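Please look through the sequence and the model first, and then read the numbered points below beside them.

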Amino acid sequence: MKRSNYFIPTLKEKPSDIEQQSQVYMFRAGMLKKQANGLFVYLPLMQRAMEKVNAVIKKHMAEAKSFECKFPILVSKELLDSSGRWNAFGKEMFRLKDRSENEFAISPTNEETACFVAQTYVKSYKDLPFSIYQIQSKHRDEISPRNGVMRAREFTMKDAYSFHASEECLTEYYGKMRQAYLNIFSDLGLKVVAVSADTGAMGGSGSEEIMAISDSGETDICVCSSCDYASNSEAVPCGIGKKISKKAFKTVISYKKVETPRVKTIEELVVFFNKSASDFCKAVCFNADGKLVIALVRGDREVNDIKLKKVLGCNELEIASPEMVAKSKKTVVGFVGPVGLKGIKIYADFEVGAMQDFIVGANEKDYHFDGVNPSDFKAEYADLRFAVEGEPCPKCGIKTNFSKATELGHIFMLGRRYTDKLGMQFATKEGGLKTLTMGCYGIGVERTIASIIEQHMDDKGMVWPQQIAPFLVDLITVDVNNEEQIALSKTLYNELNNQNVNVLWDDTDARPGSKFADAELIGFPYRLVVGRGAGENKVELVIRKTGEKLELSPEEAIKIIIK
Ligand code: ATP
Ligand code: MG
């Protein structure tokens, strides 16, 4: 490809609204153009990167005997109602109506369509296992799209779905797919870890996320310092099985009301009472499908909304607005507490059950209760909080460490979560009927590309791993008006093409300095420079990763490139 016939609109400056370094480079290298919040035009270099990554994914999907399909992007309300997810998805799912008022979703994920396909073609045990996948746009109305393609509202997912005769067959195939995922990321030059995860809106019995450790990652992962336990921090079980302290259930009421003018937050209370945050109980008001509920955690903990949502079994959960709390006329923002509160359901974290003589809001402006115990109020106890770094590992009891990571893939053992609902049965060998068991497996393609860049970059730009570089070689003619240089460049260009090397010939009349800067920014593994040495049949080969510069004959340079 000649750069004069190609379109790579590189930028000198970074876009003002982009901070994450991989994204800065992707925009500056002319891969992306923002069209609207969370929506991007993929320019030719991005398209090439997508094709490279997709080719690796397709190879491993074929090895896992998954068949490539393409589903419609629109999914009918009817199909989504069949699994109960038209309602379960909430605001993240884009919805629309056709001209006849029929409702559709723009698919955020595609389990229902995969089930629809399996329902049609899987009739007997002979058809199993059955696995299909697609590489297709997904749309999600994310609350806050950010970091370019890392969290977009339209992105590409490789989503695979498998169907099995039994739980054991699913477990075996899931293991294969898990390995395929690890192989895909390794082929892409990515270092990843598999961590156990929450199943979220997908449902099912178990899932793992494939994470790239990254300082700019949005997810905290919890890894044991001693055993092989690794989990998304959201999914780390806390305090399960802990006995609620008997001492905490005093029969005599011993709390007293204390005036706390304008003292609302835990930080303010710590100062006011001269106590530590763990001596307080935090009461957080939530709006669960329009109903006000209260979650209690120790003052130094945070409510885990994913755990709470599961306990509540609701579709939408958000912090209740001050208006909603005021409208209830039962409590006052900043002074919320469980004592004497009637008509609002209270959920308390296990840890609260073990607390004694703590301080909570008194549901009255400018007052708190001091000396409260769990016997002073009614609550449903559950695991409701986020784990924190350093807590004992849930598997072996030794200390955990936390690090930041980016989720690249998510694999699920869905079991019969969908197949039961949709009545998906197959004829067994013995002549009976049995419900299918299901798994699903996703990879975010753009996020994967961004993570490859993040793991392979320096202060000058991207440093593509050879196997997936959009172009392996940037052939630079320093002076395009010099006949010797043009002639030698042409020979090299033809030879590299004959050897099936992906080469971009920078034959433009841009300044050499700007060509070199672009080469470093775009991160071609090799820069082959035809300059003054052309007369003596010499070229310069620069290896992007090491910065090594070699003065070579054209033949020697090609030998190194194709080795
Ligand atoms: P996250 O927790 O980051 O929102 P998710 O759990 O919603 O991710 P899945 O539903 O498991 O993601 O989707 C599979 C994959 O799709 C993810 O592992 C990720 O790589 C990618 N992905 C999900 N949401 C986005 C997004 N908004 N932008 C880009 N990629 C995404
Ligand atoms: Mg998400």
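1. A polar contact is a pair of N or O atoms within 3.5 Å; within protein, one of the two must be able to donate a hydrogen and the other to accept it, and residues adjacent in sequence count only if both atoms are side-chain atoms. The side chain of K158 makes such a contact, reaching the backbone oxygen of Y441 at 3.1 Å.

2. This is a predicted model, in which local features need pLDDT of at least 70 and side-chain atom pairs count only at pLDDT 80 or more, while totals for chains, interfaces and linings use all residues. Residues are numbered from 1 along each chain as its sequence is written, ligands are numbered from 1 in the order in which they are written, and side-chain values use heavy atoms, with hydrogens and water left out.

3. Is K158 buried or exposed? K158 is buried (under 20% relative accessible area, with a 1.4 Å probe and protein chains only), yet K158 has no salt bridge, a term for a side-chain nitrogen of Lys or Arg within 4 Å of a carboxyl oxygen of Asp or Glu.

4. Around ligand 1, a polar side-chain atom of E407 lies 2.6 Å from a ligand oxygen, and an N or O atom in the side chain of H410 is 3.1 Å from an oxygen atom of ligand 1. G409 contributes a backbone N or O atom, which lies 3.5 Å from an oxygen atom of the ligand.

Technical notes: Buried means under 20% relative accessible area, exposed over 50%, partly exposed in between (1.4 Å probe, protein chains only). Lys and Arg count as positive and Asp and Glu as negative; His and the chain ends are not counted.
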